[in-house]
Amino acid sequence: MSLSIGDPVPTFSLPAAGGGADGLGEQTPAVVVFTCNHCPYALAWHDRILDVARDVDVPVLLVNPNDAERHPRDSFEAMTQRVAADGGWPAPYLRDEDQSVARAYGAKTTPDVFVVARDGTLAYRGAPDSDHQDAGERAGWLRAAIGAALAGKPAQPAETQPVGCSIKWKR
């Protein structure tokens, strides 16, 4: 299953690196980004996505769904160490251990970005911007989708192809 533009977005609560839990509740607009510690695409977009989290007044939730048994760099412990090594992040880094949230959203890659509109429906899905190698892009598609959601307007574009490493599903 995969969410389509206009579908209601599932809410969730997951353990957060650094302690406690966080997730998508009733506060919208919001952003959910499936990401991880090892994918070169996710790492290339990492700073841009965190800059968005610093710059906008909407929740940005980073979710790591990868199978940590096959990819130890994506374990909860490794996530916690990464956040601590950076001195903390402006967005929670959440562990989707059973991969239920990634499945509910139909996440395909790391990163895979979902912007939730004010009414709790999917407003944008895809890549943060058009080129993971060009930091000057500044997560432009993501920023535009958030701006549209805040204004109550449709995102343009509403959907782009997510680009990154495949989600590492449990066997």
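These legends walk through a few close-up views of a predicted model. Local features need pLDDT of at least 70 and side-chain atom pairs count only at pLDDT 80 or more, while totals for chains, interfaces and linings use all residues. Residues are numbered from 1 along each chain as its sequence is written, and side-chain values use heavy atoms, with hydrogens and water left out.

**View 1. The largest nonpolar core has 27 residues.** Such a core is a set of buried Ala, Val, Leu, Ile, Met, Phe, Trp, Tyr and Cys residues joined through side-chain atoms within 4.5 Å; buried means under 20% relative accessible area (1.4 Å probe, protein chains only). Among those with the most contacts inside this core are Val31, Tyr93 and Ile146. Another core, of 20 residues, lies apart from it and includes Val9 and Ile167.

**View 2. Valine 115 and its surroundings.** Beyond its neighbours within four places in sequence, valine 115 is in contact (heavy atoms within 4.5 Å) with residues including Val31, Leu122, Leu142 and Ala149.

**View 3. Cysteine 39 and cysteine 165 form a disulfide.** A disulfide here is a pair of cysteine sulfur atoms within 2.5 Å, and these two are 2.3 Å apart. The link is right-handed, with 85 degrees about the S-S bond.

**View 4. Cysteine 36 is in no disulfide.** The nearest cysteine sulfur, that of cysteine 39, is 5.0 Å away. Cysteine 36 is buried, at a relative accessible area of 0%.

Methods
Buried means under 20% relative accessible area, exposed over 50%, partly exposed in between (1.4 Å probe, protein chains only).
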